[in-house]
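Visitor: I would like to learn how to read a model like this one, feature by feature. Where do we begin?

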Amino acid sequence: VIGTSGTILNIVSLAARMNSHEGTIAPENFASFSQSCTFEQLVRVNEWLAQMSERERRMVPGLDPSRADIIVPGGQLLEAILREVGAKEIV
C-alpha cells in the first residue's frame, strides 16, 4: 500500500525511527533510508502513541506537533484500512 497524507507520512516516519528492540525513538539526527513500515510496526507505534497525552505527543522527536491531536485516530484508521485490505506494509 502507498500512503501520501501528512499523517501517514508522519506515522510511517515514526515507525521507521522506532528502535525495534527497545521500543524507543532513535536520536533526533537519525536519518532513515526507509520510508516504509510493516503492519506490525504500525500497530506498535499506534499503541505507543495512544498511551500518551496530547501534550506528551507534542514532545516526541519526529512527530509534527501540529499532528499531536490527530495522529492517534489517524494511525488507528490507517491500521484498520491495512487490516481490511490485508496489507503487510505501507510505503
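Guide: We begin with a single residue. At 9% relative accessibility, G3 counts as buried, because the cut-off for buried is under 20%. This is a predicted model, and G3 lies in the segment before helix 1.

Visitor: Which residues does G3 touch, not counting residues up to four places away in sequence?

Guide: G3 touches I8, L9, I90 and V91. As for V91, G3 and V91 are 88 residues apart along the chain, yet their C-alpha atoms are separated by 6.1 Å.

Visitor: I8 is on that list. Is I8 buried or exposed?

Guide: At 18% relative accessibility, I8 counts as buried. I8 is found in helix 1. Leaving aside neighbours within four places in sequence, I8 is in contact with G3, L78 and I90. I8 and I90 are 82 residues apart in sequence, with 9.0 Å between their C-alpha atoms.

Visitor: How many helices and strands does the protein chain have?

Guide: There are four helices and two strands. Read along the sequence, these elements follow the pattern α-β-α-α-α-β.

Visitor: How should I read the packing of two helices?

Guide: Two packed helices are described by the angle between their axes and the distance between the axes. Take helix 1 and helix 4 (residues 71-85): their axes come within 10 Å and cross at roughly 90 degrees. Helix 1 is therefore roughly perpendicular to helix 4.

Visitor: Which residues make the contact of helix 1 with helix 4?

Guide: Helix 1 contributes T7, I8, N10 and I11, while helix 4 contributes I71, G74, G75 and L78. By class, the residues of this contact divide into four nonpolar, four polar and no charged.

Visitor: What are the corresponding values for helix 1 and helix 2?

Guide: The axes of helix 1 and helix 2 come within 9 Å and cross at roughly 100 degrees. These two helices are therefore roughly perpendicular to each other, since angles of 65 to 115 degrees count as such. On the helix 1 side the contact is made by I11, L14 and A15, and on the helix 2 side by Q41, L42, V45, N46 and L49. The residues of this contact divide into six nonpolar, two polar and no charged.

Visitor: What is the general idea behind a nonpolar core?

Guide: In soluble globular proteins, nonpolar side chains tend to be buried together. In this model the largest nonpolar core has 22 residues, of which I11, L42, V45, L49, L78, L82 and I90 touch the most other members. Helix 1, helix 2 (39-50) and helix 4 each supply at least two residues of this core.

Visitor: With which residues is L82 in contact, leaving aside its neighbours within four places in sequence?

Guide: L82 is in contact with V1, F39, L42, A87 and I90.

Visitor: How do burial and sequence separation look for the chain as a whole?

Guide: Buried residues make up 37% of the 91 residues in the protein chain. Among contacts between residues at least 6 apart in sequence, 66% join residues at least 24 apart.

Visitor: Where is the place of D69?

Guide: D69 is in the loop between helix 3 and helix 4. At 40% relative accessibility, D69 counts as partly exposed. Beyond its neighbours within four places in sequence, D69 is in contact with E54 and R57. The C-alpha atoms of D69 and S53, 16 residues apart along the chain, have a separation of 9.1 Å.

Notes:
Residues numbered from 1 in each chain as written. Predicted model: local features only at pLDDT ≥ 70, side-chain atom pairs only at ≥ 80, totals over all residues. Heavy atoms only, no water. Axes fitted to C-alpha atoms, helices over the stretch in contact; angles between N-to-C directions. Parallel < 35°, antiparallel > 145°, perpendicular 65-115°, else oblique. Contact = heavy atoms within 4.5 Å. Nonpolar A, V, L, I, M, F, W, Y, C, P; charged D, E, K, R; others polar. Core = buried A, V, L, I, M, F, W, Y, C linked by side-chain atoms within 4.5 Å. Buried < 20%, exposed > 50% of the residue type's maximum accessible area, 1.4 Å probe, protein only.
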